[in-house]
Amino acid sequence: MSYRRTIKIVCGFAGGSAVLVVAAAAAEYQGCFGHTRAARWSLFNVLQAAQPAGNRTVASTGNAWDFNWDKRDPSALLTNGKKKEIVSEDPSSEQDNGKPKATRNILLIRHSQYNLSGNGDHERILTPLGQEQAEFTGQRLAALGLKYDIMVHSTMARATETANIISKYLPGVELVSCDLLREGAPIEPVPPVTHWKPDAVQYHEDGARIEAAFRRYIHRADPKQKEDSYEIIVCHANVIRYFVCRALQFPPEGWLRIGLNNGSITWLTVRPSGRVALRTLGDSGFMPPDKLTRT
């Protein structure tokens with residue numbers, strides 16, 4: 001086959017990817033692929049890859065978004081097993097009053113670097129670098145200029161210390177601790193890993209607690225809330241990763257596929273409709289590169 005004829009054929013096959021296949025055709029013409037059957041298959045593979053995806057597009061799973069994932073969808077709320085009856089003279093007004101109107105912004109902060117060799121939680125405090133990281137995180141949160149409503153933190157030493165440092169940059173923001181946010185093993189990860197293998201009892205106990213934390217803190221706004229809110233939660237990598245998977249309705253067992261730097265910011269937005277968006281995941285770009293860790 002002549003060089004010109006080869007160019008014409010491959011351009012017809014490839015459309016917008018003609019440049020790629022022209023190069024392949026030229027290579028074949030010049031003998032780069034040789035004249036064996038394997039060489040001809042090499043050119044065929046290039047042609048196939050250059051064609052539009054067509055029916056090779058990944059198929060949808062078919063799983064619809066569950067708008068009542070937090071059991072707070074007004075249209076699905078039940079009273080004594082029956083849909084709540086409207087008793088107002090203006091039914092549309094009562095329905096509107098029962099609908100959330102505000103958006104909740106939840107900023108999940110991973111604690112800073114801590115002393116891994118500490119004997120027990122009380123000794124696993126922040127390292128000097130971890131203290132610096134918390135300062136950077138506090139400065140970043142302050143620079144965002146948001147009106148924070150509350151900062152909740154895990155009762156573990158490293159999260160408590162991180163929250164206390166951050167709070168210096170957010171004067172007036174209420175600081176609250178919560179045992180539910182302590183680190184743990186939320187659910188057995190898929191695929192499994194060999195370097196970390198909690199027993200079944202730990203998954204059973206920690207999983208129930210972390211799921212309870214998710215239900216307490218990740219949900220749409222109450223109908224009585226009139227303005228958008230900004231809430232900070234300082235906790236741990238496993239907890240945050242599990243929260244993200246659950247909030248986005250991804251398989252929760254995939255939580256360990258996500259990595260988070262110390263002091264990073266993960267921002268979830270929950271709309272009144274129940275839609276959830278992930279604005280940032282593990283943002284730590286506000287720290288100098290030499291201050292980044294993931295311990």
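This is a predicted model: local features need pLDDT of at least 70, side-chain atom pairs count only at pLDDT 80 or more; totals for chains, interfaces and linings use all residues.

Biologist: Where does Gln113 lie?

Modeller: In the loop between strand 3 and helix 5 (128–143).

Biologist: Is Gln113 buried or exposed?

Modeller: Gln113 is buried, because its relative accessibility is 15% and the cut-off for buried is under 20%. Its side chain also makes a polar contact of 2.6 Å with the side chain of Thr127.

Biologist: Switching to charges. How many salt bridges?

Modeller: The count is seven. One of them joins Arg104 and Glu231, with the closest N and O atoms 2.6 Å apart. Arg104 sits in strand 3 and Glu231 in strand 6, 127 residues apart. Both Arg104 and Glu231 are buried.

Biologist: What about Glu132 and Lys291?

Modeller: Their side chains form a salt bridge at 3.0 Å, N to O. Glu132 is in helix 5, and Lys291 is in the segment after strand 8, 159 residues apart. Glu132 is partly exposed at 32% relative accessible area. Lys291 is buried at 18%.

Biologist: Which residues are linked with Arg246 in a network?

Modeller: Glu211 and Arg215, through salt bridges. In the Arg246–Glu211 pair, the closest N and O atoms are 2.8 Å apart. That pair links helix 8 to helix 7, 35 residues apart. Arg246 is partly exposed, at 22%, while Glu211 is buried, at 13%.

Biologist: Stay on helix 8. How many of its residues are buried?

Modeller: Ten of eleven. Among them are Asn238, Arg241, Tyr242 and Phe243.

Biologist: What covers them?

Modeller: The cover includes strand 3, helix 7, strand 6, strand 7 and strand 8 (276–283). After helix 8 comes Gln249, with a positive phi near 60°.

Biologist: Now the largest nonpolar core. How many residues?

Modeller: It has 28 residues. Those with the most contacts inside it are Leu108, Leu181, Tyr217, Ile218, Ile233, Phe243 and Val276. Strand 3, helix 7, strand 6, helix 8 and strand 7 each give two or more residues. Helix 8 gives the largest share, eight residues.

Biologist: And what does Tyr217 touch?

Modeller: Arg104, Ile106, Val152, Cys178, Leu181 and Ile233, not counting residues up to four places away in sequence.

Biologist: Which residues does the second core include?

Modeller: Leu170, Val173, Val234 and Met287 are included. That core is separate and has 17 residues.

Methods. Residues are numbered from 1 along each chain as its sequence is written. Side-chain values use heavy atoms; hydrogens and water are left out. A nonpolar core is a set of buried Ala, Val, Leu, Ile, Met, Phe, Trp, Tyr and Cys residues joined through side-chain atoms within 4.5 Å. Buried means under 20% relative accessible area, exposed over 50%, partly exposed in between (1.4 Å probe, protein chains only). Helices (H or I, at least four residues) and strands (E, at least two) are DSSP runs, numbered from the N terminus. Contact means heavy atoms within 4.5 Å. A polar contact is a pair of N or O atoms within 3.5 Å; within protein, one must be able to donate a hydrogen and the other to accept it, and residues adjacent in sequence count only if both atoms are side-chain atoms. A salt bridge is a side-chain nitrogen of Lys or Arg within 4 Å of a carboxyl oxygen of Asp or Glu.
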